[in-house]
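Dear colleague,

Please find below the structure that I am handing over to you. My findings follow it.

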Amino acid sequence: MADSPSPVTDFSAAMTGAQTFQLAGRPARHTVLFFYPKDNTPGCTTENIAFRDLHEQFQAAGTEIYGVSRDSLRSHESFKTKLGLPFELISDPDEALCEQFGVMKMKQMYGKTVRGIERSTFVIDANGQLVKEWRGVKVAGHVDEVLEFVARQA
C-alpha cells in the first residue's frame, strides 16, 4: 500500500475500442488500474465480472476502471465482449506497464515456477499521484474494498 501519494510517470498504451490510454489529463477523480494475469482464466474472469458489476458505483464515485494484462488487443476485445465489460482493457504485450508498476513476479503454477503478473490494483488520483495500491490480490472481496476506498475519497 502506498504510504503517501507518489507521482506516477505518465504513459500511454493501446487499449480496446481502438483507443489509446493516456494517464496525463484523465478527467476522472480517480483511475483504477487492475493488473491481472490472463484473459479467459477463472480468477481473472471473476475479477473482471466483479469490476463490471460495480462499474456504476465506481462511476458515481468519479472513478474510471481499466484492466491491464499482457494479452493482445484481439484477445482483450473478445474477452470484453464475452463478459459485457463496460470499461476498456489495456494491452501490455511488451510488459512496459507491468515493469513500471512492478507486478512481474516468479510464481508457482501447477508445480512449475513461471514468470507472470502478480494480481495487483492501483488507484491514481486526478493529479497523477498513486494514492493506494494492493499487491498479491485475492479476488474475493477485493473489488468491494477498492470501491470502498474510492468512495471515501469522493
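Among contacts in the protein chain between residues at least 6 apart in sequence, what percentage join residues at least 24 apart? The figure is 61%. Please note that this is a predicted model.

Overall architecture

The protein chain contains five helices and ten strands. Its radius of gyration is 14 Å, close to the 15 Å that the globule rule gives for 154 residues, so the chain is as compact as a globular protein of that length. Along the principal axes, the C-alpha atoms fill a box of roughly 45 × 35 × 30 Å.

Surface and charge

Of the 154 residues, 49% count as buried. The chain exposes about 7600 Å², and carbon and sulfur atoms supply 50% of this area. There are 17 positive and 20 negative charges, and their mean positions lie 6 Å apart.

Nonpolar cores

The largest nonpolar core has 23 residues, of which Val32, Phe51, Phe58, Ile65, Phe87, Val123 and Val150 touch the most other members. Two or more residues of this core come from each of strand 4 (30-35), helix 1 (42-53), helix 3 (73-83), strand 10 (129-134) and helix 5 (142-153). Helix 5 gives the most, with five residues.

Leaving aside its neighbours within four places in sequence, valine 32 is in contact with residues including Phe51, Phe58, Ile65, Tyr66, Phe122, Val123, Val146 and Val150. A second, separate core comprises 20 residues, among them Phe21, Leu97, Met104 and Leu130.

Yours sincerely

Technical notes: Residues are numbered from 1 along each chain as its sequence is written. This is a predicted model: local features need pLDDT of at least 70, side-chain atom pairs count only at pLDDT 80 or more; totals for chains, interfaces and linings use all residues. Side-chain values use heavy atoms; hydrogens and water are left out. Helices (H or I, at least four residues) and strands (E, at least two) are DSSP runs, numbered from the N terminus. The radius of gyration is taken over C-alpha atoms; the globule rule is 2.2 Å times the number of residues to the power 0.38. Buried means under 20% relative accessible area, exposed over 50%, partly exposed in between (1.4 Å probe, protein chains only). Contact means heavy atoms within 4.5 Å. Accessible areas come from the Shrake-Rupley method with a 1.4 Å probe; for residues, only the protein chains shown count as cover. Lys and Arg count as positive and Asp and Glu as negative; His and the chain ends are not counted. The place of a charge is taken as NZ of Lys, CZ of Arg, CG of Asp or CD of Glu. A nonpolar core is a set of buried Ala, Val, Leu, Ile, Met, Phe, Trp, Tyr and Cys residues joined through side-chain atoms within 4.5 Å.
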